[in-house]
There are 2 protein chains.
Amino acid sequence: MKHLAWSIALVSFGLVGFAHAARAGDEVSPAASNVPGAPTPGIHPDRSITFTLKAPDARSLLVAGGDGLGTGPFPMTKDAEGVWSVTIPPAVPGFHYYWFVLDGVSVNDPSSETYFGYGKETSGVEVPEPGADYYAIRDVPHGEVRAKWYLSKTTGEWRRALIYTPPGYDGNPRTRYPVLFLQHGSGEDETGWTRQGRAQFILDNLIAAGKARPMIVVMDRGYAARAGTPLMKVGPGSSPLDMKPGFTAFEDVVVHDLIPTIDASYRTIPDRQHRAMAGLSMGGMQALFIALHHLDLFAYIASLSGPIVPDPNSKQPLAAAQPAPFDTHTAYEGAFSHPAAFNGRVKLLWLGVGTAEPQLFRGGIGAAVQALKAAGIDVVYFESSGTAHEWQTWRRDLKELAPLLFR
Amino acid sequence: MKHLAWSIALVSFGLVGFAHAARAGDEVSPAASNVPGAPTPGIHPDRSITFTLKAPDARSLLVAGGDGLGTGPFPMTKDAEGVWSVTIPPAVPGFHYYWFVLDGVSVNDPSSETYFGYGKETSGVEVPEPGADYYAIRDVPHGEVRAKWYLSKTTGEWRRALIYTPPGYDGNPRTRYPVLFLQHGSGEDETGWTRQGRAQFILDNLIAAGKARPMIVVMDRGYAARAGTPLMKVGPGSSPLDMKPGFTAFEDVVVHDLIPTIDASYRTIPDRQHRAMAGLSMGGMQALFIALHHLDLFAYIASLSGPIVPDPNSKQPLAAAQPAPFDTHTAYEGAFSHPAAFNGRVKLLWLGVGTAEPQLFRGGIGAAVQALKAAGIDVVYFESSGTAHEWQTWRRDLKELAPLLFR
């Protein structure tokens, strides 16, 4: 009976996979990102990972994944019962997107929760980092994550933002809070920072330790199209100019729809000194693009692995081999052209990147930091050691960034 | 480059599928449940649905789905470009789970958002119901849906509940509200009522129309195992006695962990006259099981398509062909044995079922209603016309039930 099939699923997870995940003398653990009861993906003590899928009639099966999972795809092999499996080499700690390639088609692993990435729901595997409990759910006061619907005049549509309210928000009805606007990356959505990023637990832990000021965090959807126009479609060959219509529409959403909604709905401190914008990858581009254009609204600006785009009107593809030169007199329409004035007005300019990220990110960010420092612009630069263009980099970034905000 | 693959995905959705979804003279629309930019599943005006998947190397591809989608599975056919497609007969309006069977393996459709059902993330397709706007997001004041983490003494683990707070909750800090505890079905989780069920919009619309009293709705995860014990694994052959350990653990979570957490965290009216419990399918079983055992805590009780289990210690499989006889003197451990006292104490007993549901549900619920009425127990019975064991039944149930609560 279809409506009872769930039970079958739970039972079958128990039967399939465990034998494949276990090796002699090996304490294998189901990944925290698995659906309840699913033994695989299974994480070994050395961070190698076992994947399984029952597919007796498949002719080929691979595991492939995002940055940080390793240099796959990894071919799987089939046993007599039709269960395919592979144990891949030790992965970098953190959250990694992955998928199966089943007879040539990319599909999700039914044993995994799904996470919005690559423009669709994607499997993910959480690999623990020894000693890192800053993103764990711990026995400290917890904030809430609220889904807030609002009508955007810019797009003409209802949008959903996710809002972190800090511990004690409801219990202290006279307290007002600063606000961090925190954006996801390309292909992700407003759920990324709490599901993949665990931002709410990072903030809970920092606030409990007295390391970060209690703040509201607003996570909106970084896509927008003006009413009556289609959603932007961009790709690796797109230039900043190609991306501009979507970015400027989102800019108007933030400035004219989102900030007024947040200030009207939550107990914010509604001034620039108590408003930050940060984002990862595409969201970092957006944070620089929007906040540098609106220093009247934001005093704290951070780009986490965001490609540096000195000229928003450039027709050069974003993924071009060489980053554009960074001239502090002209970059970002002259935002940095008066260093003393900039330093006086902007409380924090923060740039971060992982040491294992490709040149598109690392090269451009490094060159920008060097040029900004040479010009006398105050910039905080953080490198995440050994991590790529992936969520562990951005979790670390948030842990470093949040304590510097609103001080 | 992997990190830019999202863009490719968005673009490729634009290229694949549209040609297959369109038929002559036909206004096909992407389902509201699709990921942004994906043209299929495409809904035709007659509610037939076109599915597509690019899989040049696959040997067989089917579409299969949950109750209400039709009598599949439906074989798909491949065109010269390797894109498989099928248009299935008109479906019942509402939300339907579905999946592809790709060379024998059940996989999700990358074009669909995923919804937790069948114990895993599953594709879903939203088929509009003409004239039904009670679950649409409309231009009325909206409540929030909050993720609330709490430590359960019963299970020893952190749990997450989703909390609907009605429009105006934050703006009226002296107002207190009644609380509806609302449970999902088997194989689903705490996200079901807001993602598949659109409960937040149903409540927003009812409250805006003055038809329902503003209330807090608590949607918890209906699975629990006592600290140190494994999560229950039950199946179609399970009996009420088999399910009892999981149900009693969840009962303790609700009574000893969840209700105290909610009353301490939100402005509730913390008494039985302002507390309801309802649930669908397994959640309906739980609502009857828990609330009838705790009439000191609940004055409003509703089971939506919940299998009727007169004897919680029965060893008869739940999916047995014949529902157990309903003796009002002994059913539910004698909860109904004194009708006048029951009617005086319980403000609402509500049972609902869809007319297209199988006998397991319809027969047992019908027999219980008949027996309860014959014994003089006040019971409200609602039939959803033409819908099966599926979300459209439960959306309609909530629309009918909510106005009767806390009056």
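This is a predicted model: local features need pLDDT of at least 70, side-chain atom pairs count only at pLDDT 80 or more; totals for chains, interfaces and linings use all residues.
Trainee: By what turn can chain B be laid on chain A?

Mentor: The superposition gives an RMSD of 0.0 Å, and the shift along the axis is 0.0 Å. The two copies are thus related as by a two-fold rotation axis. The turn is 180 degrees.

Trainee: Which residue of chain B comes closest to the rotation axis?

Mentor: The distance is taken at the C-alpha atom and comes to 2.1 Å. The residue is R146(B).

Trainee: What is the radius of gyration of chain A, and what does the globule rule give?

Mentor: Chain A has 10 helices and 19 strands. For its 407 residues the globule rule gives 22 Å, and the computed value is close to that, so chain A is as compact as a globular protein of that length. Its C-alpha atoms fill a box of roughly 70 × 50 × 45 Å along the principal axes. The radius of gyration is 22 Å, against 22 Å from the rule.

Trainee: What share of the residues in chain A is buried?

Mentor: Buried here means under 20% relative accessible area. Chain A exposes about 14500 Å², of which carbon and sulfur atoms supply 55%. Of the 407 residues in chain A, the buried share is 63%.

Trainee: Which residues touch the most other members of the largest nonpolar core?

Mentor: That core has 90 residues. In chain B, the contacts of W193(B) include L182(B), M219(B), L280(B), W391(B) and W394(B), leaving out residues up to four places away in sequence. The residues with the most core partners are W193(A) and W193(B).

Trainee: How many residues of helix α4 of chain A are buried?

Mentor: Helix α4 spans residues 199-208 of chain A, and it is largely enclosed by the rest of the structure. Among its buried residues are A199(A), F201(A), D204(A) and I207(A). After the helix comes G210(A), with a positive phi near 75 degrees. The count of buried residues in α4 is 9 of the 10.

Trainee: Which strands stand at the edges of the open sheet in chain B?

Mentor: The sheet has 5 strands in the order β1-β2-β3-β7-β6, with antiparallel pairing. An edge strand here has a single partner strand, so one side of it is left without a neighbour in the sheet. The edge strands are β1 (29-30) and β6 (77-78) of chain B.

Trainee: Over how many bridges do β3 and β7 of chain B pair?

Mentor: Strand β3 covers residues 49-54 and strand β7 residues 83-88, and their pairing is antiparallel. Within this pair K54(B) stands opposite V83(B). The number of bridges is 6.

Trainee: Is D103(A) buried or exposed?

Mentor: D103(A) is in the loop between β8 (94-102) and β9 (105-107) of chain A. Its phi is positive, near 45 degrees, although the residue is not a glycine. At 4% relative accessibility, D103(A) is buried.

Terms used:
Residues are numbered from 1 along each chain as its sequence is written. Chains are lettered from A and ligands numbered from 1 in the order in which they are written. Side-chain values use heavy atoms; hydrogens and water are left out. Two strands pair if DSSP finds at least two bridges between them. Helices (H or I, at least four residues) and strands (E, at least two) are DSSP runs, numbered from the N terminus. Copies are superposed by least squares on the C-alpha atoms of residues with pLDDT of at least 70 in both. The radius of gyration is taken over C-alpha atoms; the globule rule is 2.2 Å times the number of residues to the power 0.38. Buried means under 20% relative accessible area, exposed over 50%, partly exposed in between (1.4 Å probe, protein chains only). Accessible areas come from the Shrake-Rupley method with a 1.4 Å probe; for residues, only the protein chains shown count as cover. A nonpolar core is a set of buried Ala, Val, Leu, Ile, Met, Phe, Trp, Tyr and Cys residues joined through side-chain atoms within 4.5 Å. Contact means heavy atoms within 4.5 Å.
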